[in-house]
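Hi,

Here is the structure I promised to pass on. My notes follow below it.

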Amino acid sequence: MLNHENKPVNEAVVALYRFHSPSQRFGHFVPVASPATTDISGFFQFETLADGYYLIVVQAKGYARSHSTRTINDGPTHSTADIRMQFPVKVAIDLKDEAGQPIQGARIRSFNISGMNGSIRATQMLLRDLNYTFPVSDQ
């Protein structure tokens, strides 16, 4: 696990999910093992994985959540996942009226998708200073 400067990311939490499909048409990701934590060199490991399609989700303090996918077809094997951690994106919104004056008491809605299978959360915020920073991931 490396950051944008190719330096190891220590203590990142790495979750592993396997695609489960009871039919050929639909499926979802299910957790495979307890999350792993990267060591000082950014290394993590999951052992004894069955054939299948996997999703790796990584979270680390100060970085946007990242993910990668891997397919295992030949039984137990060694596979590397080169995942680069990036800083979260920050968006500042300055709301002004047609005359260029700040709009007092303006509201803005934020829609967030969370969870492995896409649950949606909608929030509405009051912009007191008209300079709100959204928490945005790389997804």
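**What I found**

Gly27 counts as partly exposed, because its relative accessibility is 35%. The cut-offs: buried is under 20% relative accessible area, exposed is over 50%, and partly exposed lies in between (1.4 Å probe, protein chains only).

Before going on, the ground rules. This is a predicted model, in which local features need pLDDT of at least 70 and side-chain atom pairs count only at pLDDT 80 or more, while totals for chains, interfaces and linings use all residues. Residues are numbered from 1 along each chain as its sequence is written, and side-chain values use heavy atoms, with hydrogens and water left out.

Back to Gly27. It sits in the loop between strand 2 (13–20) and strand 3 (28–31). Strands (E, at least two residues) and helices (H or I, at least four) are DSSP runs, numbered from the N terminus. Setting aside neighbours within four places in sequence, Gly27 touches Phe19, His20 and Ser21. Contact here means heavy atoms within 4.5 Å.

Now the aromatics. The whole structure holds four aromatic pairs. Rings of Phe, Tyr and Trp (its six-membered ring) pair if their centres lie within 6.5 Å; planes under 30 degrees apart are stacked, over 60 edge-to-face, and the rest tilted.

One of the pairs is Phe19 with Phe29: edge-to-face, 5.4 Å centre to centre, 70° between the planes. Phe19 belongs to strand 2 and Phe29 to strand 3, so this pair ties together parts 10 residues apart in sequence. Phe19 is partly exposed, at a relative accessible area of 33%. Phe29 is buried, at 18%.

Phe29 also pairs with Tyr53. Their ring centres are 6.0 Å apart and their planes at 40°, so this pair is tilted. Phe29 is in strand 3 and Tyr53 in strand 5 (residues 52–59), so the pair links parts 24 residues apart in sequence. Tyr53 is partly exposed, with a relative accessible area of 35%. Together, Phe19, Phe29 and Tyr53 make one aromatic cluster.

Last, the chain as a whole. The protein chain has 11 strands and zero helices. Of its 139 residues, 27% are buried. Among contacts with a separation of 6 or more, 50% are between residues 24 or more positions apart. The protein chain exposes about 9800 Å², and carbon and sulfur atoms supply 50% of that. Accessible areas come from the Shrake-Rupley method with a 1.4 Å probe; for residues, only the protein chains shown count as cover.

Best wishes
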